[in-house]
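Subject: Structure for you to look at

Hello,

I am passing on the structure we spoke about. My notes follow below it.

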Amino acid sequence: MVLLRRVIGDALRARRQGQHRTLREVSSAANVSLGYLSEIERGQKEPSSELLAAICDALGARLSELLREVSDTVTLAEQMPNVLVPMVDEPVPAAAVRKATNRGVRQVTSDGAVAVQVRQDSPLKATLRSTRVRPADRDVVCAA
């Protein structure tokens with residue numbers, strides 16, 4: 001099972017960092033405490049729909065865009081085998097390994113627009129990282 005709050009948090013953090021903005025800037029613009037926004041980004045808290053809309057507005061993003069990105073990530077994660085059980089390391093092309101810079105990343109997959117990396121933290125916990133694939137990177141990330 002994929003924790004939706006973690007995927008939402010990752011998507012929000014990626015957008016904020018992509019704009020080179022601080023937590024403080026976005027929390028002020030969204031009228032949410034800095035600590036609470038941090039917990040949302042780390043997947044520790046699940047925002048209400050109203051709060052999620054305010055954060056998206058502060059980031060200049062449409063709620064539908066964020067939810068579509070989250071949906072794409074969840075769809076890819078659901079297609080990945082062995083997400084919640086220990087995985088056997090499988091060979092991954094060198095180009096994909098360069099993209100998977102986090103230690104412990106076990107699988108990398110892509111649908112051409114979104115790439116998902118899975119890190120098995122424990123037998124019952126997996127961390128998903130999603131990134132939008134730039135046109136130049138589409139040949140780099142492979143399906144596992």
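The expected span of a helix is 1.5 Å times one less than its number of residues. Please keep in mind that this is a predicted model. Helix α1, residues 4-18, has 15 residues, and from its first C-alpha to its last it reaches 21 Å, close to the 21 Å expected. After α1 comes histidine 20, which has a positive phi, near 55°.

On the chain as a whole: it holds 6 helices and 3 strands. Read from the N terminus, the order is α-α-α-α-α-α-β-β-β. The chain has 144 residues, of which 40% are buried. Of the contacts between residues at least 6 apart in sequence, 57% join residues at least 24 apart.

The largest nonpolar core is made of 18 residues, and Leu12, Val26, Ile55, Leu66 and Val70 have the most contacts inside it. Two or more residues come from each of α1, α2 (23-30), α3 (34-41), α4 (49-59) and α5 (63-79). The most comes from α4, with 6 residues.

Leaving aside residues up to four places away in sequence, valine 26 touches Arg16, Arg21, Leu37, Ile55, Ala58 and Leu59.

Regards

Methods: Residues numbered from 1 in each chain as written. Predicted model: local features only at pLDDT ≥ 70, side-chain atom pairs only at ≥ 80, totals over all residues. Heavy atoms only, no water. Helix = DSSP H or I, 4+ residues; strand = E, 2+ residues; numbered from the N terminus. Core = buried A, V, L, I, M, F, W, Y, C linked by side-chain atoms within 4.5 Å. Buried < 20%, exposed > 50% of the residue type's maximum accessible area, 1.4 Å probe, protein only. Contact = heavy atoms within 4.5 Å.
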